[in-house]
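Hello,

Here is the structure I promised to hand over. Please have it open while you read my notes below.

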Protein chains: 2
Amino acid sequence: MKAIVNVYLKEGVLDPQGKAVHHALGSIGFDNVSDVRIGKQIILELNSTDKEKAKEELDEMSQTLLANTVIEDYDIEIVE
Amino acid sequence: MKAIVNVYLKEGVLDPQGKAVHHALGSIGFDNVSDVRIGKQIILELNSTDKEKAKEELDEMSQTLLANTVIEDYDIEIVE
């Protein structure tokens, strides 16, 4: 089973990497962008067939390791 | 308009960050994972209403700046 955990900074948390990309896009002529934020996408291959159990496990993984829940939010997607 | 560009390493390209996370997950008891790969998620806010034009522009942005197309693939999603 393939799952994706998207981890991104909470609203209001400063994102210097996003700001740098925003600035770089502007400097090569893409003026149409008003904001850029950068997150992580963690793609996991699981040896599991039970979707519900997998979701619970992914939630636990995210809380303990994948995301820093003080400044980051995450969402979990089961792809197949 | 909100758009998301997901940038991830091509199949076959070594992903040390993913390997580290895989190992860390194993060491805290998540043995159920067979592979981990890590990508970037770039969330853009665009001053644009034309979806088709936005997609073209995002494709250009990805090719020139957001992704290194030698080792990375990307996909574009218009969210709203």
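S2(B) gives the most to the lining of the second largest pocket: four residues. This is a predicted model, so please read everything here as computed from it. The second largest pocket holds about 270 Å³ of space. It has 13 lining residues, and Tyr8(A), Glu11(A), Arg37(A), Lys2(B) and Ile43(B) are the closest to its centre. S1 and S2 of chain A, together with S1 and S2 of chain B, each give two or more residues to that lining. By type, the lining has five nonpolar residues, one polar and seven charged.

Now the largest pocket. Its volume is about 350 Å³. Of its 18 lining residues, Lys2(A), Ile43(A), Tyr8(B), Glu11(B) and Arg37(B) lie nearest the centre. Seven of the lining residues are nonpolar, two are polar and nine are charged.

Next, the sheet. Six strands form an open, antiparallel sheet in the order S3(A)-S1(A)-S2(A)-S2(B)-S1(B)-S3(B). Strand S3 of chain A and strand S3 of chain B stand at the edges with a single partner strand each, so one side of each has no neighbour in the sheet. On average, neighbouring strands are turned by 25° against each other, direction ignored.

The two S2 strands, residues 33-46 in chain A and in chain B, pair over 13 bridges. There, Ile43(A) stands opposite Arg37(B).

Last, the helices of chain A. H1 (residues 16-27) lies across S2 of chain A and S2 of chain B, at about 125° to S2(A). H2 (residues 51-66) lies across S1, S2 and S3 of chain A and S2 of chain B, at about 155° to S3(A).

Best wishes

Methods:
Residues numbered from 1 in each chain as written. Chains lettered and ligands numbered in written order. Predicted model: local features only at pLDDT ≥ 70, side-chain atom pairs only at ≥ 80, totals over all residues. Heavy atoms only, no water. Pairing = 2+ DSSP bridges. Axes fitted to C-alpha atoms, helices over the stretch in contact; angles between N-to-C directions. Contact = heavy atoms within 4.5 Å. 1 Å grid on protein atoms, 1.4 Å probe; cavity = no way out; pocket = protein on both sides within 12 Å on 5 of 7 lines; lining within 4 Å. Points joined across faces, edges and corners; volume = space filled by probe spheres on them. Nonpolar A, V, L, I, M, F, W, Y, C, P; charged D, E, K, R; others polar.
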